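Good morning, colleagues. Please take a moment to look at the sequence and the structure, and I shall then go through a few points in turn.

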Amino acid sequence: MPSLGRLHLITDTRPGRDPLAVVRAALSAARTELVVQVRVEDSATDREAYDLARRVAALCAPYGATCLVNDRLHVALAVGAAGGHIGADDLPVEAARRVLGPTAVLGATAREPGTATEAVAAGASYLGVGPCHPTATKEGLPAPIGVTGVRAVAGAVAVPVIAIGGVTASDVPALRAAGAYGVAVVGALSGAADPAHATTELIAALTC
Ligand SMILES: Cc1ncc(COP(=O)(O)OP(=O)(O)O)c(N)n1
Ligand SMILES: Cc1ncsc1CCOP(=O)(O)O
Ligand SMILES: [Mg+2]
């Protein structure tokens, strides 16, 4: 299993965003510490997801950064990504592990220790844990679990915990103290005036 980067950039494909520009900027600053998770709108076609994932994978390769694909594991396989990320509405973890194979990176969403330990037993190699804080990026989420919720999950599993949901660089010290290995962000980079600078700040907080 490849070692996992600590900063996960999830692509923002909402109208008016430029996900590839943000990926390029983040790669230049984070290099091997960056994981780019290709996430498209539910309404996007598989062809659109494939085209974006293929381009992101090609950008990541020279930096030794990791490319994952959210939800659509066939797209991950088709572009040669390192793996994928799944949640409660996606394939079950054990089925996803069968699809991706034993050595792929497989992330699963969890928000409490019971589901977290089940996901790891079923084959998850890391957990996306949250939402930690309120987020404007995804609708319909349950209430934020806060740093306390992240601590509860991190204390229950041995795989890396990636905190997600409204995370900024200033949140990182408390999340790391709670046991988070890294963070996943959309808005902190996609909405930044200078995504490369914002990446540098996140990496500094994650690796100090
Ligand atoms: C790192 C990380 N953590 C959680 C999620 C959320 O996944 P999921 O619950 O399947 O929701 P969608 O992203 O598919 O809408 C994630 N993508 N990444
Ligand atoms: C996909 C997802 N799942 C839980 S929170 C979230 C979005 C995180 O985006 P942001 O970093 O902008 O809060
Ligand atoms: Mg999902």
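Predicted model: local features only at pLDDT ≥ 70, side-chain atom pairs only at ≥ 80, totals over all residues.

Let me begin with two helices. In helix H1, residues 19-30, and helix H2, residues 46-60, the axes come within 10 Å of each other and cross at roughly 15°.

Which residues of H1 and H2 meet? On the H1 side they are Pro19, Leu20, Val23, Arg24 and Leu27, and on the H2 side Leu52, Arg55, Val56, Leu59 and Cys60. Sorted by class, this contact between H1 and H2 comprises 8 nonpolar and 2 charged residues, with no polar ones.

I turn now to the ligands. Around ligand 1 there are 17 residues, and those that come nearest are Gly87, Thr109, Gly128, Ile164 and Ala184. Several strands take part in this shell: E1 (7-10), E4 (83-86), E5 (105-110) and E7 (161-164) each supply at least two of its residues. By class, the shell around ligand 1 holds 5 nonpolar, 8 polar and 4 charged residues.

Finally, how many residues surround ligand 2? There are 14, of which Thr135, Thr137, Gly165, Val186 and Gly187 are the closest. The shell around ligand 2 divides into 7 nonpolar residues, 6 polar residues and 1 charged residue.

Thank you for your attention.

Technical notes:
Residues numbered from 1 in each chain as written. Chains lettered and ligands numbered in written order. Axes fitted to C-alpha atoms, helices over the stretch in contact; angles between N-to-C directions. Helix = DSSP H or I, 4+ residues; strand = E, 2+ residues; numbered from the N terminus. Contact = placed C-beta atoms within 7 Å. Nonpolar A, V, L, I, M, F, W, Y, C, P; charged D, E, K, R; others polar. Near = placed C-beta within 6 Å.
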